[in-house]
Amino acid sequence: MKPSALRRTLQTAAAAGGAAALLLTAAGGASAHVGVTPDETAAGSYALLTFGIPHGCDASGTTKVAITLPQELNDAQPTVNPNWTVEKVTEQLAEPKKLADGTSITKRTSRIVYTATSPLPHELRDALVLSVKLPDTAGATLYFPTLQTCETGQTDWSEIAKDGQDPHSLEAPAPSITVTEAAGTDGHGEAAATASHRTASASTEQASVTDSGADARSWAGLAAGVGGLVLGGAAFLRSSARRNTPAEAPAK
C-alpha cells in the first residue's frame, strides 16, 4: 500500500473513532441525571411528564422518588407503575386560589412520592409518569425538584441555574420543562385537549417503553457503526496488501 493511502485510511479511522467516543460520552452524560420528558408543552394543554430514573446513588439501589410540583401546578395524576407504590401529598394554601373556571381551591398537590416495592438496582432504569394540565402562560419554565432516596444515601436533584449560568454545569439539576405557545384555537382546541387527557393512560405505557427503547436502539446503532468501520478498514488493508504482493515467477 502506498504511504499516502495508508495515511488517509488511518486518519479516517481515527476521526470516526473520535466521533464515536464523543457520542458515547454525550449519551452517558445525557442519561446520568434524573430528567423529565414531556409529550406536550403547549400552554393550557394536558401533558404526560416522564421522569427517567437512570441509576441509584453511588451504586446503591433507589428506594423512593419524591417529585415536588411547581407552584404553577395545582395537581398531578400519577400513573400506576407495578414496581412502585404512589402517594399524593397536599398542602394548605395561605389563601384561596381562584381558577380560570371561576372556582376556588384551598389545597393543592405539592408532591408525588413513589416508593419502590423493592430497591431499583443501580444498573437498571425506570420511568415514572405524571399527567398534568400545563399553565396558560407560554415561556414559563417549570422546575420539578426531585429527591432520590437510595438504600444508602440520597441525591437531591434540585439545583436551578442562576442568570448567566450554564445549566449543564450543575451537578444535580432539577428536572424542568418550558411551556410553549398554545396551539391555534379554531373551535377544536378544547376538544383536542380533552381527548388528549382521556387518552393519557393509554399513552403512558408507550411513553415509558419508548424512553428506554430509544436508549437501547441508540447504543446498539452506535456499536454497530463502530464495528462496521473497524471491519471495513481491516478489509481495505488486506485488499491493498494483496494488490501490492509481487507475483511469483513462472516455472521454466
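Select Gln-77 first: its bridge partner in β7 is Ser-131. Next select Pro-78, whose partner in β7 is Leu-130. These residues belong to a predicted model, in which local features need pLDDT of at least 70 and side-chain atom pairs count only at pLDDT 80 or more, while totals for chains, interfaces and linings use all residues. Residues are numbered from 1 along each chain as its sequence is written, and side-chain values use heavy atoms, with hydrogens and water left out.

**The sheet**

Now colour β4 and β7, which run antiparallel and are joined by two bridges. Strands here are DSSP runs of E with at least two residues, numbered from the N terminus, and two strands pair if DSSP finds at least two bridges between them.

In general, strands of a sheet pair through backbone hydrogen bonds, either parallel or antiparallel.

**The core**

Is β7 largely enclosed or open? Seven of its eight residues are buried, so β7 is largely enclosed by the rest of the structure. Buried means under 20% relative accessible area, exposed over 50%, and partly exposed in between, with a 1.4 Å probe and protein chains only.

Select Leu-49, Leu-130 and Phe-144: of the 27 residues in the largest nonpolar core, these touch the most other members. β2 (46-53), β3 (62-68), β6 and β7 each supply at least two residues of this core. Such a core is a set of buried Ala, Val, Leu, Ile, Met, Phe, Trp, Tyr and Cys residues joined through side-chain atoms within 4.5 Å.

Centre the view on Leu-130. Not counting residues up to four places away in sequence, Leu-130 touches, among others, Ala-47, Phe-51, Ile-67, Ala-76 and Tyr-114; contact means heavy atoms within 4.5 Å.

Then go to Trp-157 in strand β10 (residues 154-157). Trp-157 is buried, with a relative accessible area of 4%. The C-alpha atoms of Trp-157 and Ile-67 are 9.5 Å apart, although the two residues are separated by 90 residues along the chain.

**The loop between β2 and β3**

Select Asp-58, found in the loop between β2 and β3, and then Ala-59 in that loop. Asp-58 has a positive phi, near 50°, without being a glycine, and Ala-59 has a positive phi of about 70°, also without being a glycine. Most residues other than glycine have a negative phi. Asp-58 counts as exposed at 80% relative accessibility, and Ala-59 counts as exposed at 56%.

**The largest pocket**

Finally, select Glu-72, Asn-74, Leu-99, Lys-133 and Leu-134, which lie nearest the centre of the largest pocket among its 21 lining residues. On a 1 Å grid over the protein atoms alone, a pocket is an open set of points where a 1.4 Å probe fits, with protein on both sides within 12 Å along at least five of seven lines; lining residues have an atom within 4 Å of a point. The volume of the largest pocket is about 600 Å³, a volume being the space filled by probe spheres set on the points, which are joined across faces, edges and corners. The largest share of the lining, three residues, comes from β7.

How values were computed. Helix = DSSP H or I, 4+ residues; strand = E, 2+ residues; numbered from the N terminus.
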